[in-house]
Amino acid sequence: MRKLKRKKRIKTKKEKATLIHNYYARTGFYQFVGNNLKKAILPIIGIVVAIFLFNKYVYNINDGLHHFTETFSRLGVLITFFISETLLGLIPPEIFIAWSKKTDDPILNLAILATLSYSGGLISYFIGKTALKIQSVKKYLEVKMAKNLENTRKWGGILILVGALLPLPFSIACVAAGMIKYPFKNVVLFGLFRFGRFAIYAWAIFSVVS
């Protein structure tokens with residue numbers, strides 16, 4: 001008599017959520033996010049306070065930004081920002097957010113900056129995939145980004161989300177995702193939170209820059 005196959009019990013949503021929670025707790029994800037949240041909140045407060053004090057006692061930032069907008073073309077600033085956001089976030093985006101406030105159409109330019117940052121991250125994903133084909137670059141990135149690669153393997157898209165929202169170079173998270181061949185559609189989805197980060201930082205910076 002053939003043994004009847006035991007049906008595999010389908011886990012409930014609550015059980016799945018518990019398993020995911022236990023996994024993130026065990027792998028240190030919550031601690032990682034907590035530490036970076038602390039790092040995120042303090043810089044935002046620090047940036048606002050520093051801009052306020054610098055503007056009041058050292059140099060009028062509004063005059064400086066006005067000079068900046070007159071010296072450099074809008075296209076030049078946007079191209080520079082896009083290159084930076086594609087190549088591991090070389091220049092802090094806060095500088096460009098402050099610049100957008102002094103332009104004729106700050107909301108439009110802020111939206112363009114957020115879009116360029118998001119697009120730069122997506123391109124970084126393919127840079128990560130391409131790097132695997134070049135042994136010297138692959139070895140360099142594997143050493144340079146060892147921690148990022150380890151975290152991306154453990155947490156996948158959630159790390160992309162964290163990179164999009166918190167002051168971690170979004171480009172680095174995307175390069176790491178490309179190197180481990182993480183599904184691109186998930187990078188596209190989780191990366192959308194990048195727009196939220198720009199909105200939050202703009203709210204903080206725009207309140208200081210007039």
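**A tour of the nonpolar patch and cores**

Select helix H4 to begin: with three residues, H4 gives the most to the nonpolar patch. Helices here are DSSP runs (H or I, at least four residues), numbered from the N terminus. This is a predicted model, in which local features need pLDDT of at least 70 and side-chain atom pairs count only at pLDDT 80 or more, while totals for chains, interfaces and linings use all residues. Residues are numbered from 1 along each chain as its sequence is written, and side-chain values use heavy atoms, with hydrogens and water left out.

Next, select Leu75, Ile79, Ile83, Leu87, Leu88, Leu90, Ile123 and Ile127; together they form the surface patch, with about 710 Å² of accessible area (Shrake-Rupley method, 1.4 Å probe, only the protein chains shown counting as cover for residues). Such a patch joins nonpolar side chains (Val, Leu, Ile, Met, Phe, Trp, Tyr) within 5 Å, from residues with over 30% relative accessible area and no salt bridge (a side-chain nitrogen of Lys or Arg within 4 Å of a carboxyl oxygen of Asp or Glu). H4 and H6 each supply at least two of its residues.

Centre on Ile127, in helix H6. Ile127 counts as partly exposed because its relative accessibility is 34% (buried is under 20%, exposed over 50%, partly exposed in between; 1.4 Å probe, protein chains only).

Move to Phe198, which touches Phe81, Pro93, Ile97, Leu110, Leu113, Ala114 and Ser117, not counting residues up to four places away in sequence (contact: heavy atoms within 4.5 Å).

Finally, display the largest nonpolar core, of 16 residues, where Phe81, Ile97, Leu110, Leu113 and Phe198 touch the most other members. Helices H4 (74-86), H5 (93-101), H6 (106-131) and H12 (194-206) each supply at least two residues of this core, and the largest share, five residues, comes from H12. A nonpolar core is a set of buried Ala, Val, Leu, Ile, Met, Phe, Trp, Tyr and Cys residues joined through side-chain atoms within 4.5 Å.

Terms used:
Patches are made of residues with over 30% relative accessible area and no salt bridge: like charges are joined within 9 Å, nonpolar side chains (Val, Leu, Ile, Met, Phe, Trp, Tyr) within 5 Å.
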